[in-house]
Amino acid sequence: MRYTKAMKQDEKYMRMCFALAKKGKGRVAPNPMVGCVVLDKYGKVVSKGYHKKYGENHAERDALLKLKNNEAEGGTLYVNLEPCSHYGKTPPCVDLIIERKLARVVIGMKDVNPLVDGISKLEKAGIKVDFALKEGAEFLNRVFIKNMTRKLPYVVLKTACTMDGKIATSAGDSKWITSDESRALVYKMRKEFDCIMTSSNTVIADNPSMKHRFKCILDKDSRTDKSFKIYQQGEIYIASRENTPLKDGRLDLEAVLKELFKRGIYSVFVECGGTLAGSMLKEGLIDEIYQFIAPKILNDNSGKSCFNGDNVYKIADCIGGDIYELKKSGTDILIKARLQKV
Ligand code: AOF
Ligand code: ZN
C-alpha cells in the first residue's frame, strides 16, 4: 500500500486523538481512553473532545455537541476507537455522527466490546470509514482490551535488580539495590494501578508498608498477620487456601486475578520476589514488566534472582517481550516491556 499525503494527515489527527484521550487517564476505567477531532469540509479543525470521566459523554459526543451551527457537515471525524452503537450509560455516538452528516470517520481501532457495531452502521448511512494508527490505538487502550476480552485485570510486574539480575543476596539483604530516584518513581507508579499485589514471602522477608488504597497479599497458609506494616493502611484482600482454589498445591493465581476483577480491580502492580514472579511468568499472567536495573554486580550465583522458574534448557524457550520504553532513572535504567503470551 502506498503511503499517501492523505494517510499522513490522518495519522497526524489520530495522534491528536491519542493526546486528547490520555487526558482522561485515571478517571475513565473500566472504559477506554478516547479522544476525538472534528474537521469541517474544508479540512479545518473545528472541534476537539475527549472522554473525561466514567459514565460521562463519550469523546465523539463531547466534540460534536460543542458545534453550534453544525460546522461538521460534510467533514471528517477522527476518533481512536470505533464509535459506539449501543445504549450504555450514554446514547449511541453513531446516531449523533449520522445526524450531524459527517462525510468520513477515521478510526484507530475496532471496539472489542461485543455490544458495539459502529462501523457497519456508519457505512450503511453512507459515511466512509477509514483506519489510522491501529497499533498505536490498541497500545493506548491495552488495559481496556484485556479487561473487556479476558475479564481479567491488566498485570504489570515490577522488579529492581543488579546487572546480574539479582534482587537480594543469599542472606536476603536487598536494601537498597536501586537509587532513591527509582524508589520514589515506584511510589508514583503504584498510584496508576487499582491494586498492588505481593506475596507472604515478601511481607515476611522485608516487612514493607506498600502504601496503597487496595492491596492483595497471596498468603496460602495465612502466615502473615496484623503485626506486619502492610496491614497498617488501605483495604486488604488476602488470598489464602480458605477462599482460593489450589492448583498443583499452590494458589490458583488466575483465580485470584479473576476475583480481583470481580471486585472492580482493573489493573494490578505486582511487587514480589522470584518465586511468585517466576510462577506468574510461567503461567502467562504478566502483561508487562517494569524492570529497574542498578549499575551493580553482585557476582554471586547464590544471590536471589528476579525470576525462579523451572529448568529451561533452550534459549528458544525464553519468554520474549517488546521494549516500549527505556530511560535513565537516577543512576539506574528502567525498562518497560510488554510480554509475548506463552
Ligand atoms: C467510553 N468513552 O469516548 C467511547 C466509548 O456505558 P457507556 O455508554 O459509557 O459505554 C461504554 C462503552 O462505549 C465502552 O465500553 C466502549 O465500548 C464504548 N465507547 N466508551 O467510555 C468513549 N467512545
Ligand atoms: Zn460512544
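Trainee: Where does Glu11 sit?
Mentor: Helices here are DSSP runs of H or I with at least four residues, strands are E runs of at least two, and both are numbered from the N terminus. Glu11 belongs to helix 1, residues 5-22. Bear in mind that this is a predicted model, where local features need pLDDT of at least 70, side-chain atom pairs count only at pLDDT 80 or more, and totals for chains, interfaces and linings use all residues. Residues are numbered from 1 along each chain as its sequence is written, while chains are lettered from A and ligands numbered from 1 in the order in which they are written.

Trainee: Is Glu11 buried, exposed or partly exposed?
Mentor: You count other C-beta atoms, placed from the backbone, within 10 Å of the residue's own: 20 or more is buried, 12 or fewer is exposed, and in between is partly exposed. Glu11 is partly exposed because it has 16 of them. Across the chain, buried residues make up 39% of the 342 residues.

Trainee: Which residues does Glu11 touch?
Mentor: A contact means two C-beta atoms, placed from the backbone, within 7 Å. Leaving out residues up to four places away in sequence, Glu11 touches Ala132 and Leu133. By contrast, the C-alpha atoms of Glu11 and Leu251 are 46 Å apart.

Trainee: How do I read the sheet, and what is its strand order?
Mentor: Strands pair if DSSP finds at least two bridges between them. This open sheet has 5 strands in the order 2-1-3-4-5, with mixed pairing. Strand 2 and strand 5 (128-131) are at the edges with a single partner strand each, so one side of each has no neighbour in the sheet. For angles, axes are lines fitted to C-alpha atoms (for helices, over the stretch in contact), and values run from 0 to 180 degrees between N-to-C directions. The twist from one strand to the next averages 20°. Helix 1 packs on this sheet, touching strands 1, 2, 3, 4 and 5, and its direction makes about 140° with that of strand 1.

Trainee: Which strands show the parallel sense, and which the antiparallel?
Mentor: Strand 3 (residues 76-81) and strand 4 (residues 104-109) are parallel over 5 bridges, with Val79 opposite Ile107. Strand 1 (residues 35-39) and strand 2 (residues 45-50) are antiparallel, also over 5 bridges, and Cys36 stands opposite Gly49. Strands 1 and 2 form a hairpin with 5 residues between them, where Gly43 in the turn has a positive phi of about 90°.
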